[in-house]
Amino acid sequence: MTRLLVAGSLLVAAPLGPTLEQSPIRFEEIAAAAGVRTTHQTRTFDGPYADTLRMFTTGGASAAVADFDNDGLDDLFVTSSERGSRNRLFHNDGGLKFTDVTDRAGVGGGNDAKSIVADALWFDYDNDGWCDLLVVRFGTPILYRNQGNGRFIDVSAASGLTTFANSIAAIALDYDNDGRLDLLLGHYFAPINLIDLPTTKVLPHDLDSASNGGGVALWRNAGGGRFVDVTRAAGLGEHTGWTLDVGHGDFNNDGLQDVYLANDYGTDRLFMNQGGGRFRDVTATAIGFDTKKGMNVEVADYDNDGWLDIYTTNIHDEYMKECAMLWHNNGDGTFTDLSRETGTCDTLWGWGAKFADFDNDGWLDLFVTNGLRSAGPDNYIPVLVKMITAPGVDFSDLRNWPAIGNMTWSGYQRKKLHRNLGDHTFREMAAEAGVDNDLDGRGVAIADFDNDGRLDLYQTSANQPALLYRGLAPRPGNWVQLALTGRSPRDAVGARVTLTAAGRTQIREVDGGNGYAGQSTERVHVGIGDATRVDSLTIRWPDGQVEQFDVQVNRLTRIRQGEAARAR
């Protein structure tokens, strides 16, 4: 086996050392062999501000996982952002081999003369049992309806999703519990056409508390293939931050999906679902206000106390010393940032991050991508600091930002893998596990692509190749996997699983795309360590029904609401 090292744009295979062979978590990079080594291309612009605009739009390297043809294997959709470049749909053929089926499926478009692809999301908007695809853009989104025969049709115009916005993130959730999945889109820039600039004042006006961003949009699924903008009616319309990611979960265990917004250049926001289609901003009392650069929203119960916690990445480089934030849910409506105490603070220039139990020991580990721009030997940060510290600078004006040319800006950063030690601390071990590449990472999508019970991860990178890491933990614990089908929504997004084995209780919620630029599998995966049986498994479905099921260990079990579980 080999570990992937990166020198500039050169991928080099190096032998694994003895430390890696003994690691409890181990991966092998196989993107090329699997057929999914695709290179993301960032958007290029014309005119005197081309380099600066390109820097501010280097997101867009995203991946989304779903079993689009219902054959029992998770497939993969990967985006690109350059004008004329194509997104890719990879069909999982089994045996960790994929085939590019983009042309047959008809989902490669989106990067036209006026639009920039930034993210992607699978969700079954019409509850017909086939997952549909949303392509998120700086522009208007594209909604593809799955025809069930390997092909998709563009239904964007009829859907009502025709409002221009600089969208960079999306999740699907049933915020009003009507059985249909709604959409929450995060907008980065205000709704200004970056390709045909009406003004040079398009950047954040303040680097710590900018309020001239795009905010969010909540689109209610009205049925019949139509979506309606209910942002203001739901209580989200006053937010005008530079939203980089959005995430959801039931944070107060009341059966309603709540929302967290990660904002660049200013404070994150937490909105609690009040029922009746309304949210309440509880930021001040729940987490307080910050001046950080929020990049990612990941939700999980990392300490197995029965309450969902939140992890958001920030920037930690030679200029900005911002910790990531691990918001521990105190169970009383408040959260405490324990990133320093747990050892998850310094993730460098962080982007996508996901919790997953990579060794199946019953404790969720954490993988984090990082790095902004790897280029030449000169460092852009001293040049930037000179501009930032000059008096009276209008940060929003493109004309005031120094040219970056071939300079590096917080680049060549090693990825972070934090192993959960089960004692409220984590140990960083990316090098031991073989995932410490130094590409400019963006999104991460987790799935068990070969159905062997060991989770794999797919990493996208800006203007660089994507990586597929196959999970090879040498002595993994036992595990349970569940594929859930609800009555409505069919995706079972929002369903909560509570599993007890060997005296340890864990919870999982099916989410609709949490994590920056990456949607992971909708399957529920629970590691149970040395336990050989499941003592109890309870599912609270999105409509509130609670059922108990018997499941087998080391099996994928399919569970349909109201029916007995079926082991594969």
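Two strands are said to pair if DSSP finds at least two bridges between them. On that basis, this predicted model contains an open sheet of 4 strands in the order S33-S32-S36-S37, with antiparallel pairing. Its edge strands are S33 (504-509) and S37 (546-548), each of which pairs on one side only. On average, neighbouring strands of the sheet are turned by 15 degrees against each other, direction ignored.

Within the sheet, S32 and S36 are joined in the antiparallel sense by 5 bridges. Elsewhere, S28 and S29 also form an antiparallel pair, over 5 bridges. The table sets out these two pairs.

| Strand pair | Residues | Bridges | Residues standing opposite |
|---|---|---|---|
| S32 and S36 | 496-501 and 536-540 | 5 | Leu499 and Leu537 |
| S28 and S29 | 441-447 and 456-461 | 5 | Ile446 and Leu457 |

In strand S28, 7 of the 7 residues are buried, so this strand is largely enclosed by the rest of the structure.

Helix H8 spans residues 380-388, and its buried residues are Tyr380, Ile381, Leu384, Met387 and Ile388. These residues lie on the same side of H8 because they cover an arc of only 120 degrees around the axis. Pro382 and Lys386, on the other side of H8, are exposed. At the start of H8, a side-chain oxygen of Asn379 comes to within 3.0 Å of the backbone nitrogen of Ile381.

As to confidence, the pLDDT of the chain averages 95, and 96% of the residues score at least 70. Over residues 1-20, however, the pLDDT is below 50, and this stretch has 44 contacts in the model beyond near neighbours in sequence. Where pLDDT is low, the predicted coordinates should not be read in detail.

Terms used. Residues are numbered from 1 along each chain as its sequence is written. This is a predicted model: local features need pLDDT of at least 70, side-chain atom pairs count only at pLDDT 80 or more; totals for chains, interfaces and linings use all residues. Side-chain values use heavy atoms; hydrogens and water are left out. Buried means under 20% relative accessible area, exposed over 50%, partly exposed in between (1.4 Å probe, protein chains only). Helices (H or I, at least four residues) and strands (E, at least two) are DSSP runs, numbered from the N terminus. The arc is that of the directions from the helix axis to the C-beta atoms. A polar contact is a pair of N or O atoms within 3.5 Å; within protein, one must be able to donate a hydrogen and the other to accept it, and residues adjacent in sequence count only if both atoms are side-chain atoms. pLDDT is the predictor's confidence in each residue, from 0 to 100. Contact means heavy atoms within 4.5 Å. Axes are lines fitted to C-alpha atoms, for helices over the stretch in contact, and angles run from 0 to 180 degrees between N-to-C directions.
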